[in-house]
Amino acid sequence: DVYKRQDWSGIFGVEDTGNCSNPAIAVTPDGVAHIVYQRDGANLYYKNGRYGGWSGAQFLGAGSLPSLVSDSFYLHLAFAEGGSVFYRRRNPTTGAWITSLAVFSAVGNTSYSNPSICLDSSSKIYIACRKVRVTGTATYSIVMKISSDNGASWSNEITLYSGTTANAYPKIVAEGSSYIHTVYSNGITVWYILYDISSGTFGTPVNISLSTATSNEPDITIDSLNKKVWVVWQESRNGPPPNYDIIYSVQARSGSGGSWDSPETVFSSFEGAQEPKITVAGGKPCSVWKKASFFTYSDIYYSFRGVVWEGGALTSGSTNSKNPDITSGPGALFHTVWVTDNGTGSYKLRYAVK
């Protein structure tokens, strides 16, 4: 499991027990990586460490689709379970996680899924997710709640978008304590919404994929150094899904606004590139994704943006890899995590840093 890829560390095994999926990663100011992941279905586990040294697995309870961020002290976790979205916080001094708090609760024909969590510079917590209400014609919404007291209480539900077209994959990121940037897909188009924190208002959704091809699974990050917002997504430019390319667009921020560049390609493949994620470290964006193959196996690829996008394969072998996530940490380092099939159909957790 040790491959060298253009100054990435070796690939380190984090979890070899059970069947792992959907890892989420955050890095604290001390440079320690924290990972919450699913194991053996909808069961959440937690590990922390760096390079090849990792803590034992801590069982957190039932849940799926974790989203994880850190501040200077706490870890903050959002996850889905039973049609509801929950929040937990970890105290690094005691190592204890608070009891799960329901932020969005399933009621009757209404359910919630696909949570995304972020923090602003004043330590407010934001969780956005997908809401589905089935009463005759189904209604799909992107909703958000805010906590100003470390998750003890939450605001009323804020609806950023609502309509009869199915949507999913909401992702959010904060710009200081001024704005929340949101992206989501309705399965065909990638949309962007700006939320003004001080006024509590949000703008009209903007189509940033600008394509008739299928565009979905967006991810978003902010470059505070250069005042830019970066979004990546998968798009079927080379034929019907799953023949996806990885596409990006960037917005140069100017006050409360900014214009989006025309979408361009990060990576093109007739075999299919999926599950893109993006982060920024030291003013440089880095994206990771799963590159599938019709003939062999799926690998994790990466690309950095300098003058152009440059990268390659992070993994290379006779097994399948998927579900990448990436974040940045002290020293302008990139930390990425994913799962790899050990050849028996059981996926194991892997990690690398650059």
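Two strands count as paired here if DSSP finds at least two bridges between them, and the strands themselves are DSSP runs of E at least two residues long, numbered from the N terminus. With that in hand, let's start at one hairpin. Strand β20 (residues 215–223) and strand β21 (residues 228–235) run antiparallel and pair over 7 bridges. Asp-223 sits opposite Lys-228 in β21. The hairpin leaves 4 residues between the two strands, and in that turn Lys-227 takes a positive phi of about 55 degrees. How many residues of β20 are buried? It's 8 of the 9, so the strand is largely enclosed by the rest of the structure. Buried, throughout, means under 20% relative accessible area, with exposed over 50% and partly exposed in between (1.4 Å probe, protein chains only).

Before going further, a word on what you're looking at. This is a predicted model with residues numbered from 1 along each chain as its sequence is written, and local features need a pLDDT of at least 70, side-chain atom pairs count only at pLDDT 80 or more, and totals for chains, interfaces and linings use all residues. Side-chain values use heavy atoms, with hydrogens and water left out. The pLDDT is the predictor's confidence in each residue, on a scale from 0 to 100. The protein averages 92, and 98% of the residues score at least 70. Residues 1–5 are another matter: there the pLDDT is below 50, although the stretch has 17 contacts in the model beyond near neighbours in sequence. A contact here means heavy atoms within 4.5 Å.

Now for an open sheet. Its 4 strands come in the order β1-β31-β30-β29, with antiparallel pairing. At the β29 end, β29 and strand β30 (residues 333–341) are antiparallel partners over 7 bridges. Lys-322 stands opposite Val-339 in β30.

The whole structure has 7 of them. One of these joins the side chains of Glu-15 and Arg-39, at 3.0 Å from N to O. Glu-15 lies in strand β1 and Arg-39 in strand β3 (residues 33–39), so the pair ties together parts that are 24 residues apart in sequence. Glu-15 is buried at 4% relative accessibility, and Arg-39 is buried too, at 12%.

Another salt bridge, 2.9 Å from N to O, brings together the side chains of Arg-350 and Asp-16. Here the link spans 334 residues: Arg-350 is in strand β31 (residues 347–353), while Asp-16 is in the loop between β1 and β2 (20–27). Arg-350 counts as buried at 10%.

Elsewhere, Lys-131 and Glu-157 make a salt bridge whose closest N and O atoms are 2.8 Å apart. Lys-131 belongs to strand β12 (residues 125–135) and Glu-157 to the loop between β13 (137–147) and β14 (158–163), so the pair connects parts 26 residues apart in sequence. Is Lys-131 buried or exposed? It is buried, at 18%, whereas Glu-157 is partly exposed at 28%.

What about disulfides, defined as pairs of cysteine sulfur atoms within 2.5 Å? A search of the whole structure finds 0. Cys-118 is in none, and its nearest cysteine sulfur, that of Cys-129, is 13 Å away. Cys-118 is buried at 5%, and Cys-129 is buried at 0%.

Last stop: Leu-75, in strand β8 (residues 75–81). Leu-75 is buried, with a relative accessible area of 2%. Among the residues it touches, not counting those up to four places away in sequence, are Ala-26, His-34, Tyr-46, Leu-68, Arg-89 and Trp-97. Leu-75 and Arg-89 are 14 residues apart in sequence, and their C-alpha atoms are 5.6 Å apart.

Terms used: A disulfide is a pair of cysteine sulfur atoms within 2.5 Å. A salt bridge is a side-chain nitrogen of Lys or Arg within 4 Å of a carboxyl oxygen of Asp or Glu.
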